[in-house]
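Trainee: Could you take me through one part of this model in detail? I'd like a close look at the place where the two chains meet.

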Number of protein chains: 2
Amino acid sequence: MSTPTHISVDGIADLVTGDAVEERYRTDRSGYIAPGRPEAVVRAHTVEDVQAAVRYAAGAGLAVVPRGAGTGLAGGAAAGAGSLVIDLTGLNRIADISPGEDLAVVEAGVITADLDAAAAEVGLRYAPDPASAAISTIGGNIATNAGGLRCVKYGVTGDSVLGLSVVLADGTLLHTGRRTAKGVAGLDLTSLFTGSEGTLGVIVGATVRLQPIPLRTVTIAARFDDVETAAAATSRVLAERVRPAIMELLDEASTRRAQDHLGLDGAASGAFVVAQTDGFGADTEAQIVADTFRTFTSRVDVGSDPETVERLLAVRRAALPALEALGRPLIEDIAVPRPRIADAARAVTTIADSHRVPIFLFGHAGDGNLHPIIVVPDDPTADARAEQAAADIFALALDLGGTITGEHGIGVLKRRWLAKETGEESLSVQRAIRAALDPQLLFNPGKVF
Amino acid sequence: MSTPTHISVDGIADLVTGDAVEERYRTDRSGYIAPGRPEAVVRAHTVEDVQAAVRYAAGAGLAVVPRGAGTGLAGGAAAGAGSLVIDLTGLNRIADISPGEDLAVVEAGVITADLDAAAAEVGLRYAPDPASAAISTIGGNIATNAGGLRCVKYGVTGDSVLGLSVVLADGTLLHTGRRTAKGVAGLDLTSLFTGSEGTLGVIVGATVRLQPIPLRTVTIAARFDDVETAAAATSRVLAERVRPAIMELLDEASTRRAQDHLGLDGAASGAFVVAQTDGFGADTEAQIVADTFRTFTSRVDVGSDPETVERLLAVRRAALPALEALGRPLIEDIAVPRPRIADAARAVTTIADSHRVPIFLFGHAGDGNLHPIIVVPDDPTADARAEQAAADIFALALDLGGTITGEHGIGVLKRRWLAKETGEESLSVQRAIRAALDPQLLFNPGKVF
């Protein structure tokens, strides 16, 4: 790919080139670092900025790497030599919040928590809640089809996206979708761009669904002897027709580590589950959850006042920070059919032993999305062992009828596993669609496919 | 398009050609009749039958028209000269119902109500409930992304589709999606094929999400002075954070006509609304619905025993049969932003007057999806007037920020309106995707695009 010696994009003032391009643009929260340094970063403030940057890049033979807050966990936004980054964080207006329609129209760079806060002023909320909501952008959430804790009841990001504005490879602006709850006019381009990880165009805006804030939320936490019992208890809850808003599980090792991190000396051993029920049936559902848990353990707590809720959620919240304090974590992201959660947990323990790397497991028991966290030891062969363990975890997910990524995406890190999951026919269809929209492979080359 | 004089597909026994091709294959429930007669109908019993038929058609220069039960309302399955119909109703096995995973694996020709009945045996249900569920196929529902009454709480067909099996233009079998609740590996091909109305491939099977049958359902019906008041009352219910499972509205004329049809002489005048709440909060929510309605009208009924529920739902159920008894109905299918329902209802009355055709309005107040029904009079200029009224209704939907089709699809009948809604950029992207998957335009040519 040829690199222009001087970069200047007509009409764009906020442009950084050469050595002034910050190191952070080469990476994201995955820890992956792209080879080389991007040629330039356009900090877009308008849709026209994005269009001009895309046209410039296409003409100059540069790859376009769209970027929100850089909180991705698969290397999707990491930009290297020969690329032009479009930083969308300055495109951050909330254009409309419509209580009657229960929707918002936003630019891509809006921080997800800011959208939620703006919606809260009229009694609504943006339901998807990725762990990064306080620092990630709605555009990034859409590009990766981000998940979160509340998915089990309220769906993933894509379930809240009604329409998109996207800058295409020739610089034209495409609008997809609609403002109405239902609509079936033509192919579903909105879903196609959602989760496409920057490979089909630059998402510059979105119309998203909002939901009423539930009047009542009840939290239930419980300790179980082991992760198998915890998994069985969560399955039983769902079989009782309860749909908790969240239902999180930590294995024994994560629970112990999170408690230590919180200074909870002498706290109970075993695996930890925390669930929340919400809405008009919250109390009834919470009672069923608690009763169900009590058939497996005597250690069940229920609360709805803010102080108790914080206490019950603390262990779950501490899980990742506790592991980050321990060393360099590789955050994996498999999903398995719910009845296989216990099998997955057991197998992950075996994988940890066989490669001599510590692996902690927590995740979303309500939908089978598990995050095995490999904490990479500090020795010469540790990286290689961690990589082998990760490969075993991907293979395990597929063996159990699951997926290699429940909510983080393929990015760079899982590329070579994609065909193993989707099959060659699917990959060839995906490539054909991409080539139809972006024949030059301008957008995020080397990612996903 | 050249027509072979003799048609025989290797390995396919159940093949009908020439004059033996039944008239019904030229049409669907929309009343549209395709010009000419299909050259052949392959009644598929296996996926291999579909693959052989597609390969044969591609070689013989015949168009492929996939067909389920033929209950579509936009002419999408109507097949004419130069085409080979693949009738999928014989591909009707339910391969798997998994209570732990809350999913089913089915062939495309399974009748939607049969799937729901099979799920009910293990306490689950298939939530999407198109009015045609008793006679339509799951494959047809997916091809049109069918809606239904319960969409307001449980989503449209697409929200319940986890994965698909699709025969592509070269005869290969593609599997999309997954069995897990979450998953973001690669482009979302499942959503792309859902609602594509047979233009990208032949859907031969699906993995669909099931949900627990709610233990409790409460029904609330009310009469309002006029449709504006009824619309305002339904909006107020949603603003009270209630999410009814269904919330249906009939304007004054439809209500009167439905009552007459049921022989309810002397029944109350005005517009009719019926709602159902379900789940663990059903009683609380029903109370709020009833209280809210009572701030607008004194005529509110609540019930949960089967007999009362049937009585409360009867007027809604009678709406379409009552109009069919009156003459030939054109069933329109717009969706508007919810706060504009009353505006839409008023405007439809004006359209009816100006073109001197009776138009009755009912629909899904919970999501703004309205069905204006034009009952075509029996006079020489009636068809032309009805067509002009339909055009005005589409224009109205777009003026109000809505869509020309909430749940029935584009098919043949709304083709020339598609670009007006989606814009030329979108149409060109849709065409590019279609050309990438089906360069010969083998599948359902002349539909949608």
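Mentor: Here is a walk through the interface of chain B and chain A. First the ground rules: this is a predicted model, where local features need pLDDT of at least 70 and side-chain atom pairs count only at pLDDT 80 or more, while totals for chains, interfaces and linings use all residues. Residues are numbered from 1 along each chain as its sequence is written, chains are lettered from A and ligands numbered from 1 in the order in which they are written, and side-chain values use heavy atoms, with hydrogens and water left out.

Let's start with the extent. On the chain B side 75 residues are in contact with 75 residues of chain A, contact being heavy atoms within 4.5 Å. Together the chains bury about 5,500 Å², with carbon and sulfur atoms giving 68% of that; buried area here is the accessible area (1.4 Å probe) that two parts lose on being put together, summed over both. In chain B, the residues that lose the most area to chain A are Lys182(B), Leu187(B) and Phe280(B), together 17% of what that side buries.

Lys182(A) makes a salt bridge with Glu407(B), and their closest N and O atoms are 2.8 Å apart.

As for who supplies the chain B side, the elements giving two or more residues include strand E9 (173–177) and helix H13 (424–437) of chain B. The largest share, eight residues, comes from H13(B). Helices (H or I, at least four residues) and strands (E, at least two) are DSSP runs, numbered from the N terminus.

Finally, the symmetry. Chain B can be laid on chain A with an RMSD of 0.0 Å by a turn of 180° and a shift of 0.0 Å along the axis, superposed by least squares on the C-alpha atoms of residues with pLDDT of at least 70 in both. The two copies are therefore related as by a two-fold rotation axis. In chain B, Gly281(B) has the C-alpha nearest that axis, 1.9 Å from it. And 100% of the interface residues of chain B are also interface residues in chain A, so the copies meet through the same surface.

How values were computed. Salt bridge = Lys/Arg side-chain N within 4 Å of Asp/Glu carboxyl O.
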